[in-house]
Structures are given as C-alpha cells and as structure tokens.
Amino acid sequence: MDGLVARSGPTRDEASSMIRLVLDNLTKRLDDLAVVEDVALDARPGELVVVLGPSGAGKTTLARLVAGLERPDAGEIYFNGRVMNATSAPERNVGMVFQDDALWPHLSVAENIALAVRAGRDRRERKRRVDEMLDRARLETLASKRPEVLSDLQRRRLAVARALAGRPDLLVLDEPLDPLSGRLREEFREELRQWLTEAEVTSLLLTREPRVALPLADRLAVMDLGRIVQFGPPAEVYNHPLDAVVAQLLGPVNILQGQLDGNDPRGDWVVRTPLGRLIGRAATPLTLGAQVSVAIRPEALMIASGTSIPADANRFPATIERLEFLGESRRLALRGPGDWPLTSLSPQLSSKGLREGQALTIMVLPEQVVVMAARRAPVR
C-alpha cells in the first residue's frame, strides 16, 4: 500500500491547506465484535491529535477508516464539514505513515518520494519537491539507494518524507516511532514534531507509548476496547484521568481502592483507603458511600520533613524497601500502612541520603490524589 494516497485536483499551493477532521460516532465491526465503537473525535486545522491505546484497542482500524482504506459500519467522517464515508481513498488526499513503513523495496529512496508527488506537476517541479524532501529527511546522499540499506531511523525519515511529499490535506501516522528506541526515538520524536509544525498539516498519530504521546500531542485521546475513553490536553488527561485504566495507560501510577466517606470543608472528597483516610479530588460527580479507585502518581508522593508539610497535605508513615538509582531521580519501593506497596520518585539531590529500611513520613497534596468512579464495562 502506498505511503500516500494521492488525488487529482487543487494542490496545497492552489487551495486552503489545513482541514478539520471530525469523527462522529464512528463504528466498525468485525463479525459481531466492534473493533471501533462510537468514536467521537475532532482534530482542528493544523492540530496534532494523538490517539494512545494498548495493542488491540482499535487504533490501526481507526487509521484505516480515516484514510478510506476501510468503510465504517456506522457514523460519519468529516473533512471540513464534508462527509467522506463514500469517498474513495485516492480522493481523500491522506498521507499515511504505516507501522511497517510500507516502502517500495524495488525503488530507490528518491523514487519512493517521487511517486508520492501528485501527478500533473511538470518534471522540474517534481524534482524540486523530491530534492526538498530528501534534504529535509537528510537522505540526499542516499537518494539512489534502495530502502533495504537504510537504518531504522532513515527508513522512518523516508516514510514521513514520502507521506508529506504530495502535500496531503491530512496526515495519519500509525506507530511512527515503533522501530526506534532510546536516543534515536527521542531524536526522531523531536524531528517529527518540527516536520509537522513546518508542514502545517492536520495530523492524527496513533501509538501505544505514553512517552511518545505526551510530548507530541496538542490534544490526547485515550482509546481502549474500541472506544475513546478520554480526550483533552495531555497534561489534563495525565493529571486528571477519568478512570484507573486511563491512569495506567499514561505511565506508572499507584492505584488504591476505597470508599467515599464524606467531604472536607473545601468540598474535596474524604476516601477510606488501605493507607487510611485520604483527601482527594474527582473530575466527575460521585455519590457518598460509592466504591472508587484512587490514583496517585509516583512523583506526587513526597518525603515530608519538619515544617515543610502543608497543613492540608495527606500524610502517612512508610518504610523504604528498595532504592533504584535512575540518574536524575531515584525510584523508592515503599511499604505503607498495612504493608501496602507504593512507588515514589524522588529527585537525586534530595534523596541521596536515603537508605533501605529507613522509616519516613510521606505526604501528598489533595489535588494530586485523583478520585475516580469504578470503571463500567463497555456496552457490546
């Protein structure tokens, strides 16, 4: 399958460049299973929306629906208010970066890019565009080589260059950083963000990695079991997850079960937990006495010392079971009240005097104790 689905018609130079993508209750079924179910999502013109979810969440199917490679069973796909459900893939002008590159192995690097440039351009214009993308991808010295000789990073650059070569109205990227790790992943992540900013193209990126999603997203959609379960700015979704599954998908987190026991004078919830009563905040309405989940990020658990404890902070005793040096920080495996296991992150400079077996007082502010309703099973 091509890295770019091209169409005839106005080019970016001739028409409005950035589109708004809207998905309205989009559903795709495989036999009796809803792979994508009632997905509602929008990407504003020029915005990068990242869809984060585990393997099997329905992300790739969602990408194929948007690109026109599959047809939905229900719901609508809109480009700038125009329903695209019946529009063929070649007419949608969607640039695709596939998880497995999907580069043409029998063509050179330059030829891979050239075939993605719109038909109808004269030879000089096509060559100028190919040279521009080769330079942008830092592949000019490899223009005559086949994709098989490229490194993983170079293949990723070529895949993105090819998808952008035809100036698509919408760019869809399925796990674009998947083959990379460590320093190369961080390097390409920064390159990719700069590319998309300069290209001024509305983009939909799909990934299972929170370390990819959080730094890149203008807005973040969390997908699980075919549904979008939370959508908003990355910091809001990370700090205020709506349920335990969202909290866990976004990175390390301490999850407790508890029961609502009342409200404090400021209206925050008092929750009975294995650590004792904790004061926390909820993003959605809850009912007194309800069973709830409580999420606390490791970086929110701080070592209390003397007069530095705020008056409204939650606090409880804990013992350091294990210390792990991570460079800029240390990971503390703790045992709290009732021998409950917890994980905390502490900056290196403030944790260098700690030792295993040490007893501590741990504090966490109410705004960092996220109280969530128990998750309901999706309707099938």
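1. Which residue takes a positive phi in the hairpin of β17 and β18? Gly338 does, with a phi near 65°. This hairpin has 5 residues between the strands. Keep in mind that the model is predicted.

2. Begin with the overall picture. The protein chain has 10 helices and 20 strands. Its C-alpha atoms fill a box of roughly 75 × 45 × 35 Å along the principal axes. Of the 380 residues, 51% are buried. Take the contacts between residues at least 6 apart in sequence: 68% of them join residues at least 24 apart.

3. Next, look at the open sheet. It is formed by 6 strands, in the order β6-β7-β8-β3-β9-β10. The pairing is mixed. β6 (94-97) and β10 (227-232) are the edge strands, and each pairs on one side only. From one strand to the next, the twist averages 20°. As background, strands of a sheet pair through backbone hydrogen bonds, either parallel or antiparallel.

4. Strand β3 (residues 48-52) and strand β8 (residues 202-207) run parallel, joined by 5 bridges.

5. Helix α1 (residues 59-67) lies across β3, β6, β7 (170-174), β8 and β9 (219-224). It runs at about 155° to β8. Helix α5 (residues 152-165) also packs on the sheet, where it touches β6 and β7. The direction of α5 makes about 170° with that of β6.

6. Which residues of α6 are buried? They are Arg185, Phe188, Arg189, Glu191, Leu192, Trp195 and Leu196. An α-helix has 3.6 residues a turn, so residues three or four places apart point the same way.

7. What covers the buried residues of α6? The cover includes β3, α4 (123-136), α5, β7, β8 and α7 (210-216). Just after α6 comes Glu200, which takes a positive phi of about 50°.

8. Now turn to strand β17 (residues 329-335). Why is β17 described as largely enclosed by the rest of the structure? Because 5 of its 7 residues are buried. Here, buried means under 20% relative accessible area.

9. Strand β16 (residues 314-325) runs antiparallel to β17, and 6 bridges join them. Glu324 stands opposite Arg331 in β17. The hairpin of β16 and β17 has 3 residues between the strands, and Gly327 takes a positive phi near 105° there. Strand β18 (residues 341-347) is also antiparallel to β17, with 7 bridges joining the pair. Leu334 stands opposite Leu342 in β18.

10. Last, check the rings. How many aromatic pairs are counted? The count comes to 0. Charges over rings do occur in the model. Arg162 lies over the face of Trp104, 4.4 Å from the ring centre. The charged end of Arg297 sits over the ring of Tyr238, at 4.1 Å from its centre.

How values were computed: Residues are numbered from 1 along each chain as its sequence is written. This is a predicted model: local features need pLDDT of at least 70, side-chain atom pairs count only at pLDDT 80 or more; totals for chains, interfaces and linings use all residues. Side-chain values use heavy atoms; hydrogens and water are left out. Two strands pair if DSSP finds at least two bridges between them. Helices (H or I, at least four residues) and strands (E, at least two) are DSSP runs, numbered from the N terminus. Axes are lines fitted to C-alpha atoms, for helices over the stretch in contact, and angles run from 0 to 180 degrees between N-to-C directions. Contact means heavy atoms within 4.5 Å. Buried means under 20% relative accessible area, exposed over 50%, partly exposed in between (1.4 Å probe, protein chains only). Rings of Phe, Tyr and Trp (its six-membered ring) pair if their centres lie within 6.5 Å; planes under 30 degrees apart count as stacked, over 60 as edge-to-face and the rest as tilted. A charge sits over a ring if NZ of Lys or CZ of Arg is within 6 Å of the ring centre and within 35 degrees of the ring normal.
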